[in-house]
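Colleague: I am new to this one. Could you walk me through it?

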Amino acid sequence: MAQQSPPNSGRKVSRRDFLKLMTAAGTVMTFIPFVDWGKFLPNPAGNISAKAKLELPDGSQANIKTFPVNHAETVIYPKTNDQTLNKESFRLWQFIRLPPELGGNRNDVSAFRMYSQICLHLWCLWKYWPDPGRKRGECPCHGSMYDPINGKAFAGPASLQSPPSNVLPMLNLETDGNGNIWILPPIWSPNANGIVGFGRFLKV
Amino acid sequence: MVATVTGENSLVTFLRWIYAGIDRTIFMGLKFTFPGRFVSPLGFLGMITFVLFIILGITGALLMLWYEPELDRAWNSVQNINNTIPYGFHIRNIHYHASNAMVMVALLHMYYQYFSGRYKIRNEIIWVTGVIIGVLTILEAFTGYDIIFSERAELAISIAASLTNSIPVLGPQLRDAFFGGGFHDFVLRFYAFHVFFLPIALLGLMVVHFPRFLVFDVPMVMAVAGAIMITGGVFPIDLGTKFVPTSPPGITVPEWYLTGLYAFLRTQYDKFVTGVAWPGLLILTLLVMPFVDRYRKFSWKDRPLVTAIGITSIAQIMVTTYWGFYIDPNIQKSLLERLVIDPIFFYSVMLMLVPLSFGFTYMMIKLAKNAEVKAKLQPKKPSGKSSINIPENWIYIVFVALLAFQIYLNIAAYYAVLSGMKNFSLFIVGIIMLVFAGMFHIYRHAKTMAKTPPPPPKPMAPPAGAKPVPSAPSPIPAGLPGTSTSGKPLSPPPASKSAPTATQGPAHETTSTKPVSSGTANIAGATNEGRSQKTPSSVETSTPDPAGDLNGNVRDTKKIR
């Protein structure tokens, strides 16, 4: 190609080279729109842009005034009308009001935590145990234990995993004037709310 | 159409027309060989793998009619297939055991080709596609046992997803793309991969992977199919426990082809290194092997380094596979303590296996070469082969007896099904397949024996097998063949049979040990041509090989021809 162009016209581009360049550019431009089609593969259900009601198992919205201290409930988020999808472990969250010594008596959202219920080890469902002396999340399968204050695994196989796989994904909460609790739209990234089943980087 | 003078009716004309049409397609480029006698299955393990793939395709398609790839129905539908659907148990067991057999046979196939050096000289494409096919086969088997969605399947899915997630840079995106979000997506996607994406990729690669010469051995295929059914009858695969995320699962290990990987993961080291990088290293090594292997010979004895690497990989695979299965039986200890493998111990064993395997390989090569030299020095012993000479009428009797046995087995299988003994009926069907393999073998044997001319009568026949010099087959053709006595054996005496193998035997190790069918002989010829074309250029590039090796190689080539 280079030897076909006139030898003294170093700057000029021959017609042939120009057309080749245009063809290449045209090919690229033709297929560029398809790059976005890669979004066909991931599940878009996780893209939530509006804040959602924190709906307790009994159907009511969680409220700061009524939710007992040192207590936990399983919450489905994002909730659908499909009973099968609602059974999905990846949609289950533990909504915890911390014990008093960890600030559970405060009347704002800082008294609450909401972690993905999927154990980071092998995806069993862990649970918060409010018994005195326990007050931690425990996985029934291989005994991983989670600190309710930040969702970090402190014992068991999950604690041996390297970050971000040792800290539970967490949802951010908000209250309105009536004390009702809302779930803010999450960002599914290890640096933000975390990825369900895979963990989150703990911000220091 | 009325039958013509040549005896062709419309059906024959139609078949001829079809044949002429097929003549234009790629299928005629393949050369199928139906061996006329027993040949070692090592030479056509690839064909057996393909037959298993076809068996898996058929049984899998049947299972698709009942399986439901849904989060809370998958396990129940498999249970339905296994317990309620008539013959669902049989189909599922054949499918399961054939999948294991396919992975196993594919591995054997690969190592046979590896040690016999077949991947060189224009077979590189076949080798590389073969390695990729092997990886996809394991993925195919893996996705298969995951979509049952038992406890074990769930553990396997979670491990696979976390391994994918652990890949640097692109991992999370890949995980999101291939696994979706949540169990519901996983089951559906694994199902799609299992029944369509991976098989279609395998088929496409198989088109590239097929050599032109193929051996299809009916008895061996039947025997393999029978063995699968017998295994299914003796070790019927269970359903596992349905996965319930709130209840602790029992200790489960993955399928045997993944326990090696599982052992690595149980060291609790970094997921990417243990679960992706190490197996990736093995696959990469296999992929580049034909390009790294600069030996100009084919036999494993003449390629010590390559052989040693192969033996090392086998040793490490076997040790890790066993280690993955082993769980400390002491239930006093905590689960974690029982499961976690001490990485220092583990990796030092892995490292120790390298010199051990190398030493073993070099020792074996030395022993084999010594034995070769000794065999050359000593006068030729009569070959250990002894043929079974069955009179013609006894062949008929055996044949009829086998047929009667088959009828009996058919009735037995029927009654076993009627009385609900599913695995026993599967077992019997397996036996039927084996008996058919035997019948076909006898039929083939009798056919070839009928073709060979009856042996000339000898005045004083020494007992068979005691002949000192086998290379002199019947010096005096005394008497006409028709004048032989009535008690003629169907097979000729061993002397005339072993003569052709003796002439070409010791020149090259692979050709003497492997079955010499027409197809493989052709391949050997072709590869030698390719090698002799290559040698002048490789002298110029001055590889560190001594010239003596090259000379020996040329001599070797001549000997084969």
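This is a predicted model: local features need pLDDT of at least 70, side-chain atom pairs count only at pLDDT 80 or more; totals for chains, interfaces and linings use all residues.

Modeller: Gladly! Two residues are in contact if their C-beta atoms, placed from the backbone, lie within 7 Å. Residues are numbered from 1 along each chain as its sequence is written, while chains are lettered from A and ligands numbered from 1 in the order in which they are written.

Colleague: Which helix gives the most to the side of chain B that touches chain A?

Modeller: The contact takes 26 residues from chain B and 26 residues from chain A. On the chain B side, α6 (151–166), α7 (171–179), α8 (183–209) and α13 (335–339) each supply at least two residues; helices here are DSSP runs of H or I, at least four residues, and strands are runs of E, at least two, numbered from the N terminus. With five residues, the one that gives the most is α6(B).

Colleague: Is Trp123(A) buried or exposed?

Modeller: Trp123(A) sits in the loop between β4 (112–116) and β5 (127–129) of chain A, and its phi is near 65°, a positive value in a residue other than glycine. A residue is buried if 20 or more other C-beta atoms lie within 10 Å of its own, exposed if 12 or fewer, and partly exposed in between, with C-beta atoms placed from the backbone. Trp123(A) has 25 C-beta neighbours inside 10 Å, so it counts as buried.
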